[in-house]
Amino acid sequence: MEVKVLAPAKINLSLDVLSKRADGYHNISTVMQAVDLYDTITITDNESGTVTISCNCEGVPCDDSNICAKAAYKFFDYCKTDVKGVHIDIDKKIPTQAGLAGGSSDGAAVILGLNNMFGTMLKPAEMREIGEKVGADVPFCLEGGTKLCTGIGTAIKKVASFRCDSIVICKPDTVSVSTADAYKKVDALNPHACYTDEMVKALFSRDMFMISTTIFNDFELALQIPEVNEIKGIMLKSKARGAGMSGSGSAVFGVFTSSRRAKKCYDKLCESYKEVFLCKPVSDGCKVL
């Protein structure tokens with residue numbers, strides 16, 4: 001049997017790092033938005049009794065350290081069954097180390113796909129529970145849409161949907177960010193008001209000026225990556241209503257109310273960068289094809 005699952009990328013419309021926890025994690029408050037930039041996960045069952053991985057992207061580990069393998073083992077453990085033989089193929093379109101949750105979304109897709117393949121009939125809350133054991137962004141990637149995520153990112157609450165015509169995403173070619181180093185720099189920031197609270201209000205108001213001027217990311221503030229600022233400048237000159245870095249970086253997104261302007265921005269960025277994407281917000285998360 002074969003199951004194919006689409007795994008969407010996400011952007012952070014706002015991201016506040018609130019405090020470091022005793023367990024070493026950080027409490028955050030963020031509004032995440034799923035977009036129609038997808039990896040495709042293909043799961044095939046076999047008689048091997050093992051989980052194997054393949055991927056079209058160099059640098060992605062194809063062993064048990066891959067988040068897809070971790071998700072599969074956590075799924076079988078949660079269902080209290082022996083590990084079934086499955087091969088997981090990852091067709092990557094979402095850039096890696098970009099703050100777009102590509103890995104987390106792939107892990108979420110595996111949980112959804114295995115639930116479909118083996119007829120375990122787990123409820124969404126049960127799949128999110130498995131996801132929490134795999135990675136902080138995995139529960140969101142299962143749900144998608146526009147969500148307020150708090151705690152370490154696993155407490156999810158629906159908020160007013162984010163609506164815009166187009167989103168342009170661009171990852172600098174030479175910049176990859178270490179999440180651990182990024183958090184160290186964020187910890188050194190001065191305290192400030194929580195932008196995410198304002199973003200939730202802005203989304204409820206449906207006021208695009210309010211929404212676009214409330215885009216904020218503590219990692220962007222702390223890291224001050226020159227290439228990120230350069231890409232933001234191109235987006236804003238191309239009449240993006242707002243722009244910001246996603247996650248701990250280094251991908252940048254621009255929000256547009258005109259598809260024509262978004263396409264012009266996309267074309268301009270393609271002159272200098274390899275990984276540029278023209279997207280729209282989507283209301284769902286991982287989905288079986």
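Me: At what angle do helix H9 and helix H10 pack, and how far apart are their axes?

Reply: Happy to start there. In this predicted model, helix H9 (residues 226-237) and helix H10 (residues 259-270) pack at an angle of about 145°, and their axes lie 9 Å apart. H9 passes H10 in a right-handed crossing.

Me: What makes the contact of H9 with H10, and how do its residues divide by class?

Reply: H9 brings Ile-231, Ile-234 and Met-235, while H10 brings Cys-265, Lys-268 and Leu-269. By class that gives 5 nonpolar, no polar and 1 charged residues. Lys counts as charged, and Lys-268 is part of the contact on the H10 side.

Me: Which residues make the contact of H2 with H3?

Reply: From H2 come Ile-111, Leu-112 and Asn-115, and from H3 come Met-127, Ile-130, Gly-131 and Val-134. They divide into 5 nonpolar, 2 polar and no charged. Gly is counted among the polar residues, and Gly-131 is one of the H3 residues here.

Me: Now the sheet: why do S9 and S11 count as its edges?

Reply: The open sheet has 4 strands in the order S9-S10-S7-S11, with antiparallel pairing. Strand S9 (242-245) and strand S11 (275-279) each have a single partner strand, so one side of each is left without a neighbour in the sheet. From one strand to the next, the twist averages 15°.

Me: How do you know that S7 and S10 pair?

Reply: Pairing needs at least two bridges, and 5 bridges join strand S7 (residues 166-171) to strand S10 (residues 252-256), running antiparallel. In one of them, Cys-170 has Val-252 of S10 as its bridge partner. H9 packs on this sheet, touching S7, S9 and S10, and its direction makes about 15° with that of S10.

Me: What links S9 to S10?

Reply: They pair in the antiparallel sense over 4 bridges, with Ala-243 opposite Gly-254 in S10. The two strands form a hairpin with 6 residues between them, and Gly-247 in the turn has a positive phi of about 55°.

Me: Are the S9 residues buried or exposed?

Reply: Gly-242 and Gly-244 point one way and Ala-243 and Met-245 the other way, and all are buried.

Technical notes: Residues are numbered from 1 along each chain as its sequence is written. This is a predicted model: local features need pLDDT of at least 70, side-chain atom pairs count only at pLDDT 80 or more; totals for chains, interfaces and linings use all residues. Side-chain values use heavy atoms; hydrogens and water are left out. Contact means heavy atoms within 4.5 Å. Axes are lines fitted to C-alpha atoms, for helices over the stretch in contact, and angles run from 0 to 180 degrees between N-to-C directions. A crossing is left-handed if the near helix is turned anticlockwise from the far one by less than a right angle, and right-handed if clockwise. Buried means under 20% relative accessible area, exposed over 50%, partly exposed in between (1.4 Å probe, protein chains only).
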